[in-house]
Amino acid sequence: MLASQPGKLRVLLSRQQVQGRVAALAADISRDYRDKRPLLVGVLKGSFVFLADLLRRLTTPVTIDFVRLGSYGLGTMTSGKVELLLDVATPVKGRHVLVVEDIVDSGLSLSYLLGHLRRGEPASVKVCALLDKPARRQSRFAGLAIDYLGFTVPDAFVVGYGLDFAEDYRYLPDIYLLEP
Ligand code: IMP
């Protein structure tokens, strides 16, 4: 528990667990993308901490860009629609694109983003997600593939390590369950 938020947060994944998994993902990505100079597309805002750690552990050159999607507003429930608030500035045509997500929940955001990126005719598009919450996946997105996954998490709201609730908690270095 944190002193400033008594009774609300419980550690789900410690910073050591997270860092260990990030190192393993970076090793896999470095091996698979050697000599391909992939374009890593971070999904703002939640993935920026994960992307920054992942990036510094890669041993093959990459370039970085960002998108920002809107769907959650300021609560824990999705509004059911996605809008592109910021698009990549880099042309994706012919590039090996790796989407870097914080968490896949219903699958709506990721599905929307993959459709959007594919219209730009990249050489390939794959997904790296720190967290997956498969219990919440909408059946129409059951086929969504996460090529590089950090952890599977239970059907609960998680915060910290870039993930927020109403813009709070992003700064925490561990990942916490936010208890109602
Ligand atoms: P989806 O479109 O329902 O898959 O939602 C994906 C996005 O919702 C993520 O990129 C997060 O921004 C947000 N999200 C979903 N679950 C959580 C959570 O447990 N904590 C924080 N953000 C979440």
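User: First up, where does Lys45 sit?

Analyst: Lys45 is in the loop between strand 2 and helix 2. Keep in mind that this is a predicted model.

User: What's the peptide bond from Leu44 to Lys45 like, cis or trans?

Analyst: That peptide bond, Leu44 to Lys45, is cis, with omega near -5 degrees.

User: And where is Ser47?

Analyst: Ser47 is found in the loop between strand 2 (39–44) and helix 2. Ser47 counts as buried because its relative accessibility is 0%.

User: What is Ser47 in contact with, leaving aside its neighbours within four places in sequence?

Analyst: With those neighbours set aside, Ser47 is in contact with Gly42, Val100, Glu101 and Asp102. Asp102 also turns up among the residues that come nearest to the ligand.

User: Which residues have a positive phi without being a glycine?

Analyst: Arg37 is one of them, with a phi of about 40 degrees, and Tyr169 is another, at about 75 degrees. Arg37 is in the loop between helix 1 and strand 2. Tyr169 lies in the loop between strand 8 (158–159) and strand 9.

User: Is Tyr169 buried or exposed?

Analyst: Buried: Tyr169 has a relative accessible area of 5%, and the cut-off for buried is under 20%.

User: OK, ligand time. Which residues come nearest to it?

Analyst: There are 16 residues around the ligand, and Asp102, Ser106, Gly107, Ser109 and Val158 come nearest.

User: Which element gives the most to that shell?

Analyst: Strand 5, with 4 residues. Strand 5 and helix 3 (108–118) each supply at least two residues of the shell.

User: What about polar backbone atoms by the ligand's oxygen atoms?

Analyst: A backbone N or O atom of Asp105 is 2.9 Å from an oxygen atom of the ligand. For Gly107, a polar backbone atom is 2.9 Å from a ligand oxygen. With Ile103, the distance from a polar backbone atom to an oxygen of the ligand is 3.5 Å.

User: How much of the ligand does the protein bury?

Analyst: The protein buries 91% of the 490 Å² that the ligand exposes when taken alone.

User: Back to helix 3. Which of its residues are buried, and what do they pack against?

Analyst: The buried residues of helix 3 are Leu108, Leu110, Leu113, Leu114, His116 and Leu117. They pack against strand 2, strand 3, strand 4, strand 5 and strand 6.

User: How far apart are Leu69 and Tyr112?

Analyst: They're 43 residues apart in sequence and 9.4 Å apart in space, C-alpha to C-alpha. Another pair to check is Ser71 and Ser109, 38 residues apart in sequence and 7.5 Å apart in space, again C-alpha to C-alpha. Ser71 lies in the loop between strand 3 and strand 4 (83–86). Ser71 is buried, with a relative accessible area of 12%.

User: Switching to helix 1. How many residues has it got, and how far does it reach?

Analyst: Helix 1 (residues 15–32) has 18 residues and reaches 26 Å from its first C-alpha to its last, close to the 26 Å expected at 1.5 Å a residue.

User: Which residues of helix 1 are buried?

Analyst: Val18, Val22, Leu25, Ala26, Ile29 and Ser30 are the buried residues of helix 1. They are on the same side of helix 1, because they cover an arc of only 135 degrees around the axis.

User: Why would residues three or four places apart point the same way?

Analyst: Because an α-helix has 3.6 residues a turn.

User: What's on the face turned away from the buried side of helix 1?

Analyst: That face of helix 1 carries the exposed residues Gln16 and Arg31. The buried residues of helix 1 pack against several elements, among them strand 1 (9–13), helix 2 (48–57) and strand 5 (96–104).

User: And helix 2, which residues are buried there?

Analyst: Phe50, Leu51, Asp53 and Leu54 are the buried residues of helix 2. Seen down the axis they fall within an arc of 170 degrees, so they line one face of helix 2. What covers them includes helix 1, strand 2, strand 3, strand 5 and strand 6.

How values were computed
Residues numbered from 1 in each chain as written. Predicted model: local features only at pLDDT ≥ 70, side-chain atom pairs only at ≥ 80, totals over all residues. Heavy atoms only, no water. Expected span 1.5 Å × (residues − 1). Buried < 20%, exposed > 50% of the residue type's maximum accessible area, 1.4 Å probe, protein only. Arc of directions from axis to C-beta. Contact = heavy atoms within 4.5 Å. Near = heavy atom within 4 Å. Polar contact = N/O pair within 3.5 Å; in protein donor to acceptor, adjacent residues only side chain to side chain. Areas by Shrake-Rupley, 256 points an atom, 1.4 Å probe, with all protein chains shown as cover.
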